Amino acid sequence: MVEGSRNLSANGDSQEPREPEIGPAPDEEPEFRPYHHPAAGWGAAKSVSRFLVREGTLVDGPRAIMRMNHENKGFDCPGCAWPDDTKGLHLDICENGIKHVTWEMTRKRVGREFFAAHSVTELAGWSDYDLENQGRLTEPMAYDPESDHYVPISWKDAFELAGRALRELDSPNQASFYTSGRLGNEATFLYQLMARELGTNNLPDCSNMCHEASGRALQASLGTGKGTVDLKDWESADALFILGVNAASNAPRMLTALAEAHRRGAQIVHINPLVEAAATRTIVPHDFVDMALFKPTRTSTLNLQPRIGGDMALLRGMAKAILEQSTTDPKALDQEFVDRHTAGFEEYRTVCAATPWEEIETQSGLSRADILKAARVYREADRSIVSWCLGLTQHEHGVDTVREVVNLLLLRGNLGREGAGPSPVRGHSNVQGNRTCGIDHRPTDAFLDRLGEVCGIEPPREHGLDTVRTIRAMHSGDVKVFVGMGGNFALAAPDTPYTYEALRACDLTVQVSTKLNRSHIVHGRRALILPCLGRTEKDHQRKGVQSTSVEDSMSMVHLSIGMKRPASPHLLSEPAIVAGLARAALPGSATPWHWYVEDYDRIRDTMARALDGFEDFNRRVRLPLGFRIKQPARELVFRTPSGRAEFSAAALPDVVPAAGTLALGTMRSHDQWNTTIYSDNDRYRGIRNLRTLVFMNRADMRERGIVDLGPVDITSTAKDGSRRSLNGYLAIPYDIPRGCAAGYMPEMNVLCALSDYSTQSDQPIMKHVKVTIGPAA
């Protein structure tokens, strides 16, 4: 049982007071005022300006803004994976991207003096905001159990400590190598090469917690784990369907595409339990005339609010409507496309016909009339894109739901042509590139064969551990060494107390990071903090300043090159850190680790031989905007067992909460990025000075005797019957369907038991936690 309070972000012994605009304000009363303004616009400009002032980056911040997301001349935003503008826009930026970069560029430093002054036990009582707000890490540190402090360690000794721990394992499978989505492609390739040369496929990553369902569904349906559209398709689509994403916070640059689509007359349908700011109006900050005139542009033509988990039923209803209409209107169905390019259609038609409208209405939480509105938009559009994020994937039935997206697209031939196709929204800078470049605990034999041949190793064939299984294995002692390459694993993972216990059970935890975070405080018996360069910083190696590459969510690969002096002369790049670990762990390795780090072009030359789609890598990545990895399904080439696009005929899941229970989904606030929290505010939802809250339907609150902003206790019940609680949270009345509730991650990750993961994707079910909520005891 975990107790929470609205003062969860208490300052502890932090050395500096915090300002409410950029950090939690524990002494201010929580406020809730519904937000009715356009997304972005002057609100974003004001927020960014204050952030730059408070972080002391009035010079470096604007310089960085002018270099961010510029084709092969600047650095890639370390935030979301939305593609760079194809028209050479000089301000292809957003509020959250600027905050993310400025947070990294802070002048505050965390060196040996800081760690000498604060024990780990003391730091454990600090809030997550306070930990990160101390600033950039400056030198490698090792945990000293006798003093309970981190102490300085040389890079040589740090690598030897980690290498010895890895060499002394009874089996390489007693180590697990995690990565977040910000790692560049070159470091990613070296990282997975090191793990596989050691002899393990234990390569969990953040995809295991976010878009694993998308990859598996698209692979099964189309023979590719990625979407097929690019930004030019977004610019020519007649209809856009946006499901399960708060674009204004998670992919803010999408607002530009939505505004442009509305201006040219495209239909835009937002489908989400909450009507988010991005689904109403926006003023795009680089549209200077609109900013000057305070002139908003609509970003939707229809908003639908299904119950949590009800998206698959809605999609099934749209497909059913199209098939019913096709009996009298042959043009409703692209029969030629279906016959020529798909398999399983008749079975799917039968399933749709056999699914009663009453069941579709019950499971979706929407009326038949509303579903038919969406179906009409889809029927009347010549070219449609369906885009989605974690609102579809973090469910037990996430794979089936994404496959239902593909089913709907196939019915009208919305694949393999301009302005049409599936478009998952990846929420982290290079999470897609990580998977492309080998971070996969279930690699194919073809990938391993080619890797082994090119790199001269014998890669292991046994599938490795994903995120959930890594946590279990650490907890049981089967994984003894955990290496985290970026991210904040302790906070990002589900079942927080269990994950903490798992990390503490390790013999050694190694965290490669830019800033202090919870994963440094929740550590193994031995622990290393290895500080790395940030995306904004110059990477000097023997052959000069190096660039790295990233892949956006639409398969474009481009270069990123830092502009700023490193925060400390003792920082190493991520490729250099991987190479140092590899040399220490594999002293007899024939892999030229040091040679690779001298010049990243050498890494890319090897990647060009080892990875499909990376041929002629060094030349193509230097083209304007880089290059797009070829997607066979976009060319109507399907690498499926049938050689065709596969319809799925899964039955609808029952997502209606049992009497007295609610379906709770976790989400970010606007003023955070993944586990990094910039403040206790959530501008687009009207929240100030509060994170320990739960959004509820007012009728559900009234039924339970809960008053506005009243304290409540939240209890989840896992599949195994175990319970977890958060106490003293405040209830916020919100426009959300009955039977549904929502709150912020990472605070609410504690409610998602490790056993509550999808049997389809192995993802934690963070968007569909079964809870009871009542007035606080």
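Start by selecting helix α22: its buried residues pack against α8 (185–198) and α29 (600–610). Buried means under 20% relative accessible area, exposed means over 50%, and partly exposed lies in between (1.4 Å probe, protein chains only). Contact means heavy atoms within 4.5 Å.

A few ground rules before moving on. This is a predicted model, where local features need pLDDT of at least 70 and side-chain atom pairs count only at pLDDT 80 or more, while totals for chains, interfaces and linings use all residues. Residues are numbered from 1 along each chain as its sequence is written, and side-chain values use heavy atoms, leaving out hydrogens and water. Helices (H or I, at least four residues) and strands (E, at least two) are DSSP runs, numbered from the N terminus.

**Stop 1: α22 and what follows**

Show side chains for residues 445–455, the span of α22. Which residues of α22 are buried? They are Phe447, Leu448, Leu451, Gly452, Val454 and Cys455. An α-helix has 3.6 residues a turn, so residues three or four places apart point the same way. Now step just past the end of α22 to Gly456, which takes a positive phi of about 70°.

**Stop 2**

Asp605 is partly exposed, at 44% relative accessible area. Draw a C-alpha to C-alpha distance from Asp605 to Ala582: the two are 19 Å apart in space and 23 residues apart in sequence.

Then follow the chain to Asp616, in the loop between α29 and α30 (617–620). Its phi is near 55°, a positive value in a residue other than glycine. Is Asp616 buried or partly exposed? With a relative accessible area of 40%, Asp616 is partly exposed.

**Stop 3: a three-strand sheet**

Select β22, β23 and β24, which form an open sheet in that order with antiparallel pairing. Two strands pair if DSSP finds at least two bridges between them. The edges are β22 and β24 (627–628), each with a single partner strand, so one side of each has no neighbour in the sheet.

While you're here, pick Ser555 in the loop between β22 (548–551) and β23 (556–560). Its phi is near 70°, positive although the residue is not glycine. Ser555 is buried, with a relative accessible area of 0%.

**Stop 4: another sheet, with mixed pairing**

Next, select β3, β11 and β12. These strands form an open sheet in the order β3-β11-β12, and the pairing is mixed. β3 (39–40) and β12 (297–298) stand at the edges with a single partner strand each, so one side of each is left without a neighbour in the sheet. Strands of a sheet pair through backbone hydrogen bonds, either parallel or antiparallel. Here, β11 (residues 281–283) runs antiparallel to β12, with two bridges between them. Click on Thr282 and you can look across to its bridge partner in β12, Thr297.

**Stop 5**

Select residues 467–476 for helix α23, where you'll find Thr467. Thr467 counts as buried, at 1% relative accessibility. What is Thr467 in contact with, leaving aside its neighbours within four places in sequence? The list is Tyr178, Pro204, Asp205, Asn208, Met209 and Phe489.

Helix α3 (residues 95–104) is mostly covered, with ten of its ten residues buried. Among them are Lys99, His100, Trp103 and Glu104.

Then head for Pro746, in the loop between β33 (740–744) and β34 (769–775). A cis peptide bond joins Met745 to Pro746, with omega at about 5°.

**Last stop: zoom out**

Show the whole chain, with its 31 helices and 34 strands. Its radius of gyration is 25 Å, close to the 28 Å that the globule rule gives for 777 residues, so the chain is as compact as a globular protein of that length. That radius is taken over C-alpha atoms, and the rule is 2.2 Å times the number of residues to the power 0.38. Along the principal axes, the C-alpha atoms fill a box of roughly 75 × 60 × 55 Å. Buried residues make up 67% of the 777 residues. Among contacts between residues at least 6 apart in sequence, 79% join residues at least 24 apart.
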